[in-house]
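Look at the structure first, then work through the points below.

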Amino acid sequence: MPELPEVENVRRGLEQLVVGKTVQAIEIRWSKIISNPDDVFVEGLVGRQIIGVDRRGKYLLIRFDQNLTVVSHLRMEGKYEVDDQSVPMTKHTHVIWTFTDGQQLRYLDSRKFGRMLLIETGQENTVSGLKDLGVEPTPTTFKKTAFYQALQKHKKAIKPLLLDQKIVTGLGNIYVDETLWLSQIHPETPANLLTKAETDRLHDEIITELELATNNGGTTVNTFLNAAGHAGAFQDMLHVYGKKGQPCDRCQTPIEKIKVAQRGTHFCPRCQIKREAVQ
DNA sequence: GATGTATCCTGAATGC
DNA sequence: TGCATTCAGGATACAT
């Protein structure tokens, strides 16, 4: 599933492959992917030139001339491919952008969870999901004290709090499990019970882990590929995600898998001790 | 406002 | 072998 490192790698791929191209036609095969009416999306973009590809959290922002932006979220299985028109269309291709040079940008999504929305550039803060995003997990934007203060306001478990993108953006199920293991914090720990030292360590691990994953091309679990068709290499560096029953890299205790906020959650029962809320 | 849960969707894994 | 069921999960809408 694409998280920040994967989306950043998709962004870099698209930047190389589609910037400068002009849209000649768009075919929408599954309307639910597009949040606008189909005709608004198609008529708004035909004739437009792609001038850049940005990213905010897990959202791709494909910039067009005449002040237009397509906000694209890949959700679980979304991926982009750039192919020549002669390449046969594969299953699960839902949106096809044909450029004036004959190439196509194809959006594939086996679960049809991904979404795209055409907006005016600069209106990003009106888009639900985008407008409430927390800070990017970089040293310049993600600060220890603010992180600690934000966590102190919440009694709910740290894992779903990190997943909801409002405090810090970019983490998904894989990297939440990984950073909590690295920080030796149980995923069900109430956020306001974490000490300053624990949140400082978690803060550092989030920055380090996402940077490391990004530089390794992201994590390939099942089907993620970047726009150039390259698989990530980071899945070989995971410690707990998908490691149920395997020995913990730190203490050799078998990794356990539980459900936290409806999400499969991997942790070491010895390194990550559960703490209950004080009544 | 904060928190919890059902929903979307389909392929893979599992059970019988 | 083949069919039925369960599981996976990001973001959102809705319920409490």
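This is a predicted model: local features need pLDDT of at least 70, side-chain atom pairs count only at pLDDT 80 or more; totals for chains, interfaces and linings use all residues.

Two packed helices are described by the angle between their axes and the distance between the axes.

**Helix 5 with helix 6**

- The crossing of helix 5 and helix 6 is right-handed.
- Helix 5 brings Y175, E178, T179, L180, L182 and S183 to the contact.
- Helix 6 answers with R201, L202, E205, I206, E209, L210 and A213.
- Sorted by class, the contact of helix 5 with helix 6 holds seven nonpolar, two polar and four charged residues.

**Helix 3 with helix 6**

- Helix 3 spans residues 144-152.
- Helix 3 packs on helix 6 at about 120 degrees, with the axes 9 Å apart.
- Helix 3 and helix 6 are therefore oblique to each other.
- Their crossing is right-handed.
- On the helix 3 side, the contact uses K144, T145, F147, Y148 and L151.
- On the helix 6 side, the partners are K196, T199, D200, L202, H203, D204 and I206.
- This contact of helix 3 with helix 6 has five nonpolar, three polar and four charged residues.

**Helix 1 with helix 6**

- Helix 1 runs over residues 4-18.
- The axes of helix 1 and helix 6 come within 8 Å and cross at roughly 40 degrees.
- Helix 1 passes helix 6 in a right-handed crossing.
- L4, P5, E8, N9 and R12 of helix 1 touch L210, A213, T214 and N215 of helix 6.
- The contact of helix 1 with helix 6 divides into four nonpolar, three polar and two charged residues.
- L210 and A213 of helix 6 take part here, and L210 and A213 also belong to the contact with helix 5.

**DNA strand B**

- By class, the surface near DNA strand B has two nonpolar, four polar and six charged residues.
- Sugar or phosphate supplies 63% of the atoms of DNA strand B within 4 Å of the protein, and bases supply the rest.
- The side chain of K32 places an N or O atom 2.8 Å from a phosphate oxygen of DNA strand B.
- S110 uses a backbone N or O atom, which lies 3.3 Å from a sugar or linking oxygen of DNA strand B.
- K156 also uses a backbone N or O atom, at 3.4 Å from a phosphate oxygen of DNA strand B.

**DNA strand C**

- There are 17 residues around DNA strand C. H73, M76, N173, K257 and R263 come nearest.
- Of the atoms of DNA strand C that come within 4 Å of the protein, 65% belong to sugar and phosphate.
- The surface near DNA strand C divides into five nonpolar, six polar and six charged residues.
- What part of DNA strand C does the side chain of H73 meet? An N or O atom of that side chain is 2.3 Å from a phosphate oxygen.
- R75 meets a base: a polar side-chain atom of R75 lies 3.0 Å from a base nitrogen of DNA strand C.
- G264 contributes a polar backbone atom, 2.9 Å from a phosphate oxygen of DNA strand C.
- Strand 9 (256-260) and strand 10 (263-267) are the elements that give two or more residues to this surface.

Conventions:
Residues are numbered from 1 along each chain as its sequence is written. Chains are lettered from A and ligands numbered from 1 in the order in which they are written. Side-chain values use heavy atoms; hydrogens and water are left out. A crossing is left-handed if the near helix is turned anticlockwise from the far one by less than a right angle, and right-handed if clockwise. Helices (H or I, at least four residues) and strands (E, at least two) are DSSP runs, numbered from the N terminus. Contact means heavy atoms within 4.5 Å. Ala, Val, Leu, Ile, Met, Phe, Trp, Tyr, Cys and Pro count as nonpolar, Asp, Glu, Lys and Arg as charged, and the others, Gly among them, as polar. A residue is near a molecule or strand if one of its heavy atoms lies within 4 Å of it. A polar contact is a pair of N or O atoms within 3.5 Å; within protein, one must be able to donate a hydrogen and the other to accept it, and residues adjacent in sequence count only if both atoms are side-chain atoms. Axes are lines fitted to C-alpha atoms, for helices over the stretch in contact, and angles run from 0 to 180 degrees between N-to-C directions. Angles under 35 degrees count as roughly parallel, over 145 as roughly antiparallel, 65 to 115 as roughly perpendicular and the rest as oblique.
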